[in-house]
Amino acid sequence: MKFSYKLLKKIDPKIKERDKIINDLINHSFEVDEVLDNTLDISILPNRYNDASGHIGIARELAIASNRVLKYEFKTLEKKGKIDIEVEDNKYCSRYIGAVLSLESFKTTQYITDVLKDGGIKSINGIVDVMNYVMLLTGQPMHAFDYDKVVGGIKVKKINKKDKFITLDNIEIKIPSGTLVIADDEGVLAIAGVKGGKRAEVTEKTKKILVEAATFNQVSIFKTVKAINLKTDASLRFSHNLCSDLAERGMVEALDILKKEFKAEMVALKDLRFDKKIEKKILFSIERFEKFIGMSLLEKDILRVFELLDFKVNKKKEVFEILISKFRVDIETEEDLFEEVVRVVGINKVKPEAPIVSIGKSLFDETLLLKNKVSDILTGFSLDEVYTYSFNKDQGVELLNPISLDREFLRSRLTFNLEEVVKNNFRFFNEVNIFEIGRVFIEEKDKTFFEVYHLGIAVGNKKEGSFLFLRGVLEGLFRKLDLEFSFKQDKNKLIIYIDHKIIGLAYEKENISIAEINFCDLVKVATSRKSFKPIVKFPLVGRDISVLVSLDVRVGDMFSKIQKINLKEIVDIDMIDFYEGKKISDGVKSVTFRIMMQSNEKSITSKEVDIIINKIIKLLEQDFKGKVR
Amino acid sequence: MKDLNKIEQEVIKSLDKSLKEGDVLEIKNYYLGRKSGVITYLLKSIKDLSDGDKKKFAPQIQSLKEKTEKMIENKLKELSMSDISFKDLTLPNKKIRHGSLHPLTIVERKIVDIFTAMNFSVVDGPEIESEWYNFDALNIPEFHPAREMWDTFWIKKDYKKKDSKKRENFLMRTHTSPVQVRFMEKHKPPFQIIAPGRVFRYEATDASHEVNFHQIEGLMIGESISMANFKYIVENFLKKFFGDDITFRMRPSYFPFTEPSVEIDIKLPNSDKWLEVMGAGMVHRNVLKSAGLNHEEWQGFAFGLGVERFAMLYYGIPDIRLFYAGDLRFNRQF
């Protein structure tokens with residue numbers, strides 16, 4: 001929000017130089033985003049619009065930072081005469097002050113236009129400029145109608161059917177039923193707290209004005225802004241919960257300036273107030289302050305803070321009763337007062353102090369732990385980790401408000417995104433091996449959903465097939481994690497089993513091979529601990545078997561059959577050669593297995609080796625019609 | 001006999017001069033040769049000495065022999081190592097590549113490690129969150145301007161979470177703070193946790209904004225965990241992460257779920273610019289209440305930081321979108 005240094009200086013002539021106030025604001029109140037000439041762009045915190053979104057509020061913050069009390073006098077309002085104003089539903093408008101004034105001419109002054117310019121507001125005409133100036137000064141949005149154009153009485157009401165409306169800047173907008181408006185006998189004059197209308201616009205010819213200072217319900221304003229999709233300076237302020245006392249301040253200042261600058265004469269003033277005046281009292285204990293903040297302060301220093309903030313204090317035995325200024329609507333609890341004290345004294349004066357706690361058992365989420373382990377293993381296999389978006393154009397759980405058409409759904413698998421990543425990287429690399437561990441969102445029947453971690457792996461090689469590399473990565477990973485795993489082919493997909501349960505699948509798509517694994521299932525089984533097995537002292541014996549089989553025989557099936565012989569001497573089976581091609585007869589391929597045998601009781605004899613090998617040969621011949629070479 | 005020292009000096013001198021293996025072998029033969037070596041001869045003559053001399057000289061001669069053997073052996077080793085002619089060790093090596101972890105993983109782990117070393121537990125929470133946990137439980141009521149601080153992706157209204165009986169509105173969590181409430185509901189203080197995870201914001205992407213990014217949430221609750229304790233933990237953390245030579249400051253801020261609320265800025269050495277790195281504060285009594293804790297019994301702090309922001313500062317990465325572009329020319333740099 002933009003603030004004018006010129007106006008701050010007018011409110012408080014003792015204010016420090018422009019560049020010196022920036023640090024005071026940052027350390028005690030608000031962040032300053034930018035400073036340009038006479039303009040300071042200050043981020044007013046959302047809970048402080050009521051007391052600090054006007055220049056008076058900022059001047060007060062600055063005085064407090066310099067340990068001074070800001071002197072600023074407000075006059076009181078005087079009711080006068082009669083105006084026909086009615087608030088139909090005071091739930092949405094807790095105060096409405098209307099004042100009718102007559103005036104001859106109203107040329108805007110250079111001073112006001114300068115301040116408006118610093119505050120980022122265009123000069124329109126004398127009256128409108130004063131309204132905006134008062135908003136900058138106090139934080140209360142103001143509005144002026146040409147009272148001669150108002151037909152009959154003023155009503156603040158919710159419209160009960162949709163309507164059209166032409167704004168001050170000549171834009172026609174549709175307003176839905178239920179919108180809070182200011183209306184006369186002819187119809188809508190303004191959208192309450194958001195935008196004024198063309199019909200009762202103040203022009204150079206205006207002789208009589210109705211000045212409005214009102215308090216509208218923040219939720220109502222918030223909903224209207226959403227419904228008509230129109231944000232204004234006024235609506236922004238109203239949606240931050242302004243109090244009805246602020247409306248009074250706005251009116252007081254407006255009347256004062258209009259009288260002084262344009263010799264305006266008050267015809268009538270009506271003040272409708274519906275909320276109760278409450279005195280907010282909160283108990284403050286120095287002992288609790290010290291325990292909560294971890295900082296010791298002298299009683300007099302704390303009391304000085306309350307004095308600066310204009311909070312009255314009553315001492316009650318061990319605690320203080322603090323009477324909160326009516327403009328500090330944000331202060332509701334004792335912790336709010338702790339914050340006031342610590343920020344005024346200086347939050348950086350809190351000294352670091354090691355917490356005193358008993359050492360408890362600390363936990364590490366198992367999924368996150370395994371995620372670390374698996375990423376280390378996979379990068380060890382030279383795969384690179386990538387992060388992709390949680391959205392895609394795939395089917396899946398649907399967003400109510402997608403950011404774009406290609407991100408309408410939540411990803412239900414990782415590999416869709418990973419495949420894209422591999423393709424994109426083929427522009428720069430011949431070989432791309434990547435993985436991601438992240439959440440996917442699964443939709444089940446009846447629109448139920450759940451989320452689960454997946455591991456996605458995609459490997460691509462522009463020159464040669466990559467599927468066996470992928471399977472090697474999977475096997476290496478599962479072995480390292482000490483998992484019972486197996487693969488089974490189903491059509492063109494390889495189903496991955498861990499502990500005889502399906503946990504994922506792998507397939508090849510052109511030159512990219514892809515695996516998608518339910519990572520949460522992996523977490524359930526990957527908690528086993530390896531135990532030591534004695535190193536076998538007796539020699540390892542290897543023997544190769546080459547067999548010719550028909551092309552439609554699967555190597556995987558032969559493997560599992562050999563494994564099923566289940567002899568304890570067989571420690572490993574590998575395929576060391578594979579050939580299908582012209583050198584051998586048509587319809588036949590050659591496969592060479594290497595069988596590794598060992599006994600942990602004695603040296604295995606060549607006779608024993610022969611018996612095992614013959615068993616395997618027999619099996620290959622019988623079950624696969626193989627011809628052993 | 002008397003000149004054992006002199007012999008030793010001779011050996012040293014002649015070994016120093018020799019440049020080839022052959023020279024050394026010649027020296028070896030001269031002194032230690034089985035038949036006529038100088039030292040061998042001395043060893044052989046021990047038996048002819050008187051008992052007194054034997055006691056005196058035998059150990060000295062033995063020691064000279066051992067020293068000489070050792071010196072010759074070392075010299076031979078030295079020569080063989082400097083003999084570069086037989087193998088070129090400077091040929092280009094085989095390329096062995098270790099894959100790269102994503103920079104966000106590296107930075108997240110670095111942060112998590114610092115906190116686990118301070119006995120923090122690491123916990124996880126869902127990415128699709130209910131409106132209650134993401135907003136209401138954190139003291140952010142509906143139609144409150146504070147909600148506007150978080151632009152939200154909503155899930156279509158007819159969806160229902162599996163195994164949940166309640167009809168609720170679901171959204172992509174806008175921060176990791178819901179984990180605070182979820183954890184407090186199930187655990188009795190004292191405890192200290194961090195919760196890393198992905199969060200979502202409905203906003204246009206640019207160099208510093210993304211539709212999804214990562215946060216780490218921290219929470220420490222006990223009987224008397226104070227703002228001063230927070231300062232101790234966060235200062236330790238930031239110095240371990242960015243180095244001891246950073247300056248750091250707190251400044252007043254506002255979050256609905258903390259009171260007081262602060263923002264943490266740091267200044268890197270050789271820079272005069274303050275950089276905003278995290279938001280924090282003392283957990284608001286309404287948040288403790290949402291989780292079923294009594295604010296008169298328990299108090300503590302919470303903080304949240306952006307992993308992308310830390311990674312960008314740490315590595316000097318200028319654009320947040322690089323993290324999600326999947327360009328391996330980027331990912332492989334880390």
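Residues are numbered from 1 along each chain as its sequence is written, and chains are lettered from A and ligands numbered from 1 in the order in which they are written. In this predicted model, local features need pLDDT of at least 70 and side-chain atom pairs count only at pLDDT 80 or more, while totals for chains, interfaces and linings use all residues.

A nonpolar core is a set of buried Ala, Val, Leu, Ile, Met, Phe, Trp, Tyr and Cys residues joined through C-beta atoms within 7 Å. A residue is buried if 20 or more other C-beta atoms, placed from the backbone, lie within 10 Å of its own, exposed if 12 or fewer, and partly exposed in between. The largest core has 214 residues, and A:Ala192, A:Val211, A:Ala254 and B:Phe301 have the most contacts inside it. Helix H6 (residues 126–138) of chain A supplies the largest share of this core, 9 residues. Another core, of 10 residues, lies apart from it and includes A:Val547 and A:Ile595.

Helices (H or I, at least four residues) and strands (E, at least two) are DSSP runs, numbered from the N terminus. In helix H7 (residues 178–186) of chain B, the buried residues are B:Pro178, B:Val179, B:Gln180, B:Val181 and B:Met184.

The unreviewed UniProt entry places a "binding site" at B:Glu259; such annotations may be inferred rather than shown by experiment, and positions follow the numbering used here, with feature names shortened. B:Glu259 lies in strand S8 (residues 258–267) of chain B and counts as buried because it has 26 C-beta neighbours inside 10 Å.
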